[in-house]
Amino acid sequence: FFFLHCPQTTHLNLTMANKEEKPEGKNSSWKDFIYNPRTREFLGRTASSWALIFLFYVVFYGFLAGMFSLTMWVMLQTLDDYTPRYRDRVANPGLTIRPRFLEITVNRSSPQQYSEYVQSLEDFLQEYNDTVQEQNELCHVGDYFLQNNGDEVKKVCSFKRSQLRQCSGLADTTFGYSEGQPCVLLKMNRVIGLMPRGEPYINCTAKRDTPLQMQYFPGEGQFDKMYFPYYGKKAHPNYVQPLVAVKLLLSEQDYNVALMVECKVEGSDLRNNDERDKFMGRVAFRILVTK
């Protein structure tokens, strides 16, 4: 009777009972978190709870995807496949040079050294080959080539590389680099609907005290109006830009001297003096020719 009511015996019995309730020991806590067989919970949630969460996110992200698709569809209905909606930032074209180098170094006695420039010009002029351009239209010189035939593919005015004469690469396959009088080709960037007023032409000057002799091809270095306007890549897929070739007539005293040459589009309403954009209507390059 004494042992049944002894406090020490009661405490001992409670301790043994607690140990019997948790036979798995200390490691049972993290295992139960992953999967508890008594409550059938996985990572703290039952199967129905996980199903509700999954259903919520399916509906939520489906709604977001639907909103995004609807917004894109509405926006695309406002666009024109042939003409960009906003063109205010490209109203005036830039001027670019071929070969595409702003620093040209030529050793006229080393064909391997300037072959990169020659190959660049030859590759660029492939679409201007006479056999290719004969398939295009013979347009009226001095007039805009306006075409109002809806969404049909626009016609293209012919520009043959033979018009570049001494800079065409036909008679002289080195474009003058072997003789120390190299050619560079200039073209304006494409701007949809551009119709420059006046008679745009290229004028190049060297930044030195005495003028540098140059030749322009074709004619006086003009961009004829018949190559304008441009109707866009989709409506005008075969369009080729008019070119102006500049042959630098360097003499003996011009060799071994780095020359800075700047070319501008003049004679029209096209801008060429914007200090924030050094390539709008102009381009400057450095050329050094050695023997």
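Guide: Let's begin with a cut-off: buried means under 20% relative accessible area, exposed means over 50%, and partly exposed is in between, using a 1.4 Å probe and protein chains only. The model is predicted, so local features need pLDDT of at least 70 and side-chain atom pairs count only at pLDDT 80 or more, while totals for chains, interfaces and linings use all residues. Residues are numbered from 1 along each chain as its sequence is written, and side-chain values use heavy atoms, with hydrogens and water left out.

Visitor: What makes F175 buried or exposed?

Guide: F175 has a relative accessible area of 0%. Buried means under 20%, so F175 counts as buried. F175 sits in the loop between α5 (130–133) and β5, and has a positive phi of about 55 degrees despite not being a glycine.

Visitor: What counts as a helix or a strand here?

Guide: Both are DSSP runs numbered from the N terminus: helices are H or I over at least four residues, strands are E over at least two. The protein has five helices and ten strands.

Visitor: How do you know that β5 and β8 pair?

Guide: Two strands pair if DSSP finds at least two bridges between them. Strand β5 (residues 183–188) and strand β8 (residues 244–248) have four bridges, in the antiparallel sense, so they qualify. C183 stands opposite K247 in β8.

Visitor: Which strands form the open sheet, and in what order?

Guide: Four strands do, in the order β3-β5-β8-β7, with antiparallel pairing. What makes β3 (95–98) and β7 (214–217) edge strands is that each pairs on one side only. The twist averages 25 degrees from one strand to the next.

Visitor: What packs on that sheet?

Guide: Helix α4 (residues 111–124) does, touching β3 and β5, and its direction makes about 40 degrees with that of β5. Such angles run from 0 to 180 degrees between N-to-C directions, with axes fitted to C-alpha atoms, for helices over the stretch in contact. The buried residues of α4 are Y114, Y117, V118, L121 and F124, and they pack against β3, β4 (103–107) and β5. Contact means heavy atoms within 4.5 Å.

Visitor: How do you know that the span of α4 agrees with its 14 residues?

Guide: The expected span is 1.5 Å times one less than the number of residues. For α4 that should be 20 Å, and its end C-alpha atoms are 19 Å apart, which agrees. Still, α4 bends by about 30 degrees at Y117, where the bend is the angle between axes fitted to the seven residues ending there and the seven starting there.

Visitor: Why is the pairing of R282 and E262 called a salt bridge?

Guide: A salt bridge needs a side-chain nitrogen of Lys or Arg within 4 Å of a carboxyl oxygen of Asp or Glu. R282 and E262 meet at 3.9 Å, N to O, so that pair passes. R282 lies in strand β10 (residues 282–290) and E262 in strand β9 (residues 259–268), so the pair ties together parts that are 20 residues apart in sequence. Both R282 and E262 are buried.

Visitor: How many salt bridges does a search of the whole structure find?

Guide: Eleven. Among them, R271 and D274 meet at 3.1 Å, N to O; R271 is partly exposed at 39%, whereas D274 is buried at 9%. E275 and K278 meet at 3.0 Å, N to O; E275 counts as exposed at 55%, and K278 is partly exposed at 48%. Salt bridges that share partners also join R108, E252 and K291 into one network.
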